[in-house]
There are 2 protein chains.
Amino acid sequence: MVEQRDPSVRHLLESLGGTVRPARVVGLTGAPGTGKSTLADSLVALLRSRDQAVAVIAVDPNSPFTGGAILGDRIRMQRHALDPKVYIRSMGARGHMGGLSVATREAIRLMGAFGFDWVLLETVGVGQSELEVAAIADTTLVVLTPGQGDGVQMIKAGIMEIADVFVVNKADLPGAQKTVQEVRSMLSMAALLPPRSAGKAGDGAKTWRPPIVTAIALKGEGTREVMDAVEKHQQFQKSSGEAGQRAEARLKDEAADLVGEWARAEARRLLDTEPALSSRLLRDRVPYAAAEEILTRQGRELVPEAARSRDP
Amino acid sequence: MVEQRDPSVRHLLESLGGTVRPARVVGLTGAPGTGKSTLADSLVALLRSRDQAVAVIAVDPNSPFTGGAILGDRIRMQRHALDPKVYIRSMGARGHMGGLSVATREAIRLMGAFGFDWVLLETVGVGQSELEVAAIADTTLVVLTPGQGDGVQMIKAGIMEIADVFVVNKADLPGAQKTVQEVRSMLSMAALLPPRSAGKAGDGAKTWRPPIVTAIALKGEGTREVMDAVEKHQQFQKSSGEAGQRAEARLKDEAADLVGEWARAEARRLLDTEPALSSRLLRDRVPYAAAEEILTRQGRELVPEAARSRDP
């Protein structure tokens, strides 16, 4: 239902209560080939050894073109395939522009309702999904590898703002310490700047300094240290009040995205069913007046029927 | 203004009149490394030799992470940098989830108003942008290379539906004829199936069979043949009535996307400025009731102020 963007999922999720959310949502992001899936796999193994139930959601805005990659991810995590306390799913955005973040959030709620303690949210490919995943996750891991030369580029591109923990994976490759130092010096420079946002740093409040953890995920080395960093970040968020601020920001993002998704879907329906609207559009040859007319409608016409509240 | 999603661009575009659209919008899509930029570059050279003004827009939904690639594209097209009848621009979607397709359409209108005869719309990276570009372009070129082994995968992934012309680039590499044959046999199989959509094939109407053109874009070979195929497709669309159907579908897409973009932006504003809304959200812990309340507002509250019509 969530993947097909069935609007009636609202009633399901409301009946489950709004408070279901897994203990922890951890985002894994980084360039292709950095070993995100392998790291996720080793985190799953660690969490299972602690009897935690784990869901892995691979967020893939590129699904029409990366079917192979999705399959690859699943195969890599094969050793968990028969474990009922592990759930692995790729979510694509095909044909649902902008709907992926709402769908991901809804899937996380369901994972919570199903009793999963942890959700690992892995980005597939590069791009926008990194920012979306970071906006959804409690803790975002940015995975780097030595010698990729993308350290500086990533930091330029604003990855600093989304990293809660840096993982230098494949730390047995040459140049691992250099990569660690690069990230460290970037962090030192960033510390001299004013806090980037009130929501993240606060005025004179405690500031989270993203730790840099080295790992060799393929051998399971460093997995425990990564998890320790995640738990420290969790404690920091609780004690600093950041957890509440992030939760509020997340809910606002989700509500705004949902408004956009609903309004677009209903606009599409109205344009296909009301000849007056489409002839206006063809006459104008620009979409603005028609869009304004749609948004000016009265009542709940812009809420998909299956999603409307049952007791208005 | 377009890239910053300034809502008042509406008034500019309406004052320009809705009929400004360049003669031809050609989409270039395909996996990374297939030579899309090089092909675009050689098409620019050909069109300039015919005294046509050409704009190249590189659509990049991944901009936060591919700053380097954008620069690379520009550098590759350097030989046109001083030609006032060539305009090259990368458009990113950073922070404007879902807004890229509206922005691209607006940019195309502006290119038309500025007197450009052609717009080449190039996708950067893989993913969703292919589908978006195909929905916007008059003619979509799918660029393949020999031995990538992505023939079958691409067709599985639904690329058949968006290709108006197949270009097998780097045709001097081994396996070029095999790739041509693969695509040809896929097309033959597809021809046995019922038409995929009324808008594209019609009932018993003439059907467009995507030609397969080989090229070595780096040497400019095949460029003329690619352009011939584009022109044939243009003539087909005119004579079959498909041009009108596509124009209508495009306008509806654009209007629906605009409704979504406006509604999301205004929802965000309301959630940030109305304490009653945000406290409801925090109480509910699910976004549905707040989203419904926002969409149920009266009047033009969901149209950004700067975009509202001036004579209501």
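## The nonpolar core

In this predicted model, the largest nonpolar core contains 155 residues, and among its members Leu121(A), Val259(A), Leu121(B) and Val259(B) touch the most others. A nonpolar core here is a set of buried Ala, Val, Leu, Ile, Met, Phe, Trp, Tyr and Cys residues joined through C-beta atoms within 7 Å. A residue counts as buried if 20 or more other C-beta atoms lie within 10 Å of its own, as exposed if 12 or fewer do, and as partly exposed in between, with the C-beta atoms placed from the backbone.

Val259(A) touches residues of chain B, namely Ala263(B), Arg264(B), Ala267(B), Ala291(B), Ile294(B) and Leu295(B), when residues up to four places away in sequence are not counted. Two residues are in contact if their C-beta atoms, placed from the backbone, lie within 7 Å.

## How the model is read

Residues are numbered from 1 along each chain as its sequence is written, while chains are lettered from A and ligands numbered from 1 in the order in which they are written. Because the model is predicted, local features need pLDDT of at least 70 and side-chain atom pairs count only at pLDDT 80 or more, whereas totals for chains, interfaces and linings use all residues.

Chain A holds eleven helices and seven strands, where helices (H or I, at least four residues) and strands (E, at least two) are DSSP runs numbered from the N terminus. Of the 312 residues in chain A, buried ones make up 49%. Among the contacts in chain A with a separation of 6 or more, 78% are between residues 24 or more positions apart.

Chain A is divided into domain 1 (9-240) and domain 2 (252-307), with bounds that come from an automatic or database domain assignment. Seven residues of domain 1 of chain A are in contact with seven residues of domain 2 of chain A. On the domain 1 side, the largest share, three residues, comes from helix α4 (residues 100-113) of chain A. The residues on that side divide into two nonpolar, three polar and two charged; Ala, Val, Leu, Ile, Met, Phe, Trp, Tyr, Cys and Pro count as nonpolar, Asp, Glu, Lys and Arg as charged, and the others, Gly among them, as polar.

## Two helices of chain B

In chain B, helix α10 (residues 275-284) and helix α11 (residues 288-295) pack at an angle of about 150°, with their axes 8 Å apart. The axes are lines fitted to C-alpha atoms, for helices over the stretch in contact, and the angles run from 0 to 180 degrees between N-to-C directions. The angle therefore makes α10(B) roughly antiparallel to α11(B), since angles under 35 degrees count as roughly parallel, over 145 as roughly antiparallel, 65 to 115 as roughly perpendicular and the rest as oblique.

From α10(B), the residues Leu277(B), Arg280(B), Leu281(B) and Asp284(B) meet Ala289(B), Ala290(B) and Glu293(B) in α11(B). The residues of this contact divide into four nonpolar, no polar and three charged.

## Buried positions

Pro22(A) lies in the loop between α1 (9-15) and β1 (24-29) of chain A, and it counts as buried because it has 23 C-beta neighbours inside 10 Å. Apart from residues up to four places away in sequence, Pro22(A) touches Ile108(A), Met111(A), Gly112(A), Phe116(A), Asp117(A), Trp118(A) and Val119(A).

Thr139(A), in strand β5 (residues 139-144) of chain A, is likewise counted as buried, with 22 C-beta neighbours inside 10 Å. Leaving aside neighbours within four places in sequence, Thr139(A) is in contact with Val26(A), Asp164(A), Val165(A), Val230(A), His233(A) and Gln234(A). In chain B, Ser37(B) is found in helix α2 (residues 36-49) and is buried, with 23 other C-beta atoms within 10 Å. The C-alpha atoms of Ser37(B) and Leu218(B) are separated by 9.8 Å, although these residues are 181 residues apart along the chain.

## Positive phi angles

Most residues other than glycine have a negative phi. Arg5(A), which is not a glycine, has a positive phi of about 55°; this residue is found in the segment before α1 of chain A and counts as partly exposed because 18 C-beta neighbours lie inside 10 Å.

Lys170(A) also has a positive phi, near 55°, and lies in the loop between β6 (165-168) and α7 (176-192) of chain A. Lys170(A) is buried, with 23 other C-beta atoms within 10 Å.
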